Amino acid sequence: MTAPTALELAMRLIAHPSITPATGSVFEEMEALLLPLGFTVTRFIAGEAPDGPVENLFAIRNGPAGSRHFAYAGHLDVVPPGQGWQTDPFVPEVRGDLLYGRGAVDMKGSIAAFVSALHQLPDDLGTISLIITGDEEGPARFGTVALMDLMAERNIVPDLCLVGEPTSVHKLGDMIKIGRRGSVNMWITVNGMQGHVAYPHNADNPITKLGKILSEIDSLQLDDGTDWFQPSNIEFTDLHVGNPAHNVIPARAEGRLSIRFNDRHSGESLSAMVQEIVERHGGELKPIISGEPFLTPPGQFSDIIAGAIREVTGVDPELSTSGGTSDARFLAKIMPVVEFGLCNATMHKLDEAVAIEDLDQLAKIFALIVARSLA
């Protein structure tokens, strides 16, 4: 029987609508792809509304005793397609050299390429697992974290993990991620006393206090970057007063900010820094840490990935920590993690599409990476 191509597998996955948080038929399809390859598949539902329920899948095929363990991590959920597609976003369509459909790039195409790569590898190479969630695009509360809990219960710790997120920029293989910055969002609330603008002595204007808070935060220079990370940055993302009257001093003012930070900081240390400023000016702070920074220093694993990319594509990849966060931020707590996948130009956009040649080449690259990592 001829092994399925990455294109064929990608089309099978795209055909299942799986807007985050995903459950149901797309996981049935994923299980059907893995069972014939000898994997033991565990599917389970985690969490409740509003951030769940979320379906997750853990699949493992054990190698010879003492062999190394290679893990691939990804997600089957996709962002809402939006209006204006040329065709149905969940009816995969090949037009010219491209495959169109929601998830073609982020990241059903990558998962399909990895499964296609498995068909190219011997069954006894080593232990291989797939860590697949239905909630990466959303809150991510009941996705990869729940899968890690399952792995901990079973005392499963892979030696290496490849996260198949779309990291390439201009052409397949030009960038791999060896780390990511951390992320913390903060909500600032300042309460005052409502009153007439002509009688300010009878009121307490929270906007004035909030302005002082934001000005002091804006003056902070967190760092100048590190060898592998760009400088940490603070961005104000919302201001809200909601005062409909021009002659009323409001009773409440709110602001929100987001900090993306490198490994010179932690979410806790930054929250404490901002909280001191906020409380000194009479405000309250609510921080939510989305993830801590991580770095897998350049070494054998990144060398294997870069070598496989060069062999298949001729491209010399850049090692980077740029961009937003991914579920690698969780997985890096228990094992070395590197991210590599398709070109990200059309992810989350209308008419998301992947080059068919890129799918084929990615499957070849993945096969080389797994084989050399388990050797």
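This is a predicted model: local features need pLDDT of at least 70, side-chain atom pairs count only at pLDDT 80 or more; totals for chains, interfaces and linings use all residues.

User: Great. How many aromatic pairs are there in the whole structure?

Analyst: A search of the whole structure turns up six. In one of them, the ring centres of F70 and F114 are 6.4 Å apart and the planes sit at 10°, so that pair is stacked.

User: Where in the chain do F70 and F114 come from?

Analyst: From distant parts: F70 is in strand β3 (residues 69-75) and F114 is in helix α3 (residues 108-118), 44 residues apart.

User: And are F70 and F114 buried or exposed?

Analyst: Both F70 and F114 are buried. For F114, the relative accessible area is 1%.

User: What about F114 and F366, how are those rings arranged?

Analyst: The planes of F114 and F366 are at 65° with the ring centres 5.9 Å apart, so this pair is edge-to-face. F366 belongs to helix α9 (residues 356-374) and F114 to helix α3, so the contact ties together parts 252 residues apart in sequence.

User: Why does F366 count as buried?

Analyst: Because its relative accessibility is 0%, and buried means under 20%.

User: Nice. Which residues make up the aromatic cluster?

Analyst: F70, Y72, F114, F301, F340 and F366 form one cluster.

User: Switching to charges: what lies over the face of Y100?

Analyst: That's R95, at 3.7 Å from the ring centre.

User: OK, holes next. How many cavities of 30 Å³ or more does the structure hold?

Analyst: One. The largest cavity has about 50 Å³ of space, and its lining includes H75, E136, E165 and D327. Strand β3 gives the most to that lining, with three residues. By class, the cavity lining has four nonpolar, three polar and three charged residues.

User: And how much space lies in the largest pocket?

Analyst: About 460 Å³. The largest pocket is lined by 17 residues, and those closest to its centre are G138, P139, A140, S290 and R329. Strand β15 supplies the largest share of the lining, three residues. The lining divides into six nonpolar, seven polar and four charged residues.

User: What is the volume of the second largest pocket, and which residues lie nearest its centre?

Analyst: The second largest pocket has a volume of about 240 Å³. It has 15 lining residues, with E165, P166, R180, T325 and M347 nearest the centre. Its lining has two nonpolar, seven polar and six charged residues.

Conventions
Residues are numbered from 1 along each chain as its sequence is written. Side-chain values use heavy atoms; hydrogens and water are left out. Rings of Phe, Tyr and Trp (its six-membered ring) pair if their centres lie within 6.5 Å; planes under 30 degrees apart count as stacked, over 60 as edge-to-face and the rest as tilted. Helices (H or I, at least four residues) and strands (E, at least two) are DSSP runs, numbered from the N terminus. Buried means under 20% relative accessible area, exposed over 50%, partly exposed in between (1.4 Å probe, protein chains only). A charge sits over a ring if NZ of Lys or CZ of Arg is within 6 Å of the ring centre and within 35 degrees of the ring normal. On a 1 Å grid over the protein atoms alone, a cavity is a set of points where a 1.4 Å probe fits but cannot get out, and a pocket is an open set with protein on both sides within 12 Å along at least five of seven lines; lining residues have an atom within 4 Å of a point. Grid points are joined across faces, edges and corners, and a volume is the space filled by probe spheres set on the points. Ala, Val, Leu, Ile, Met, Phe, Trp, Tyr, Cys and Pro count as nonpolar, Asp, Glu, Lys and Arg as charged, and the others, Gly among them, as polar.
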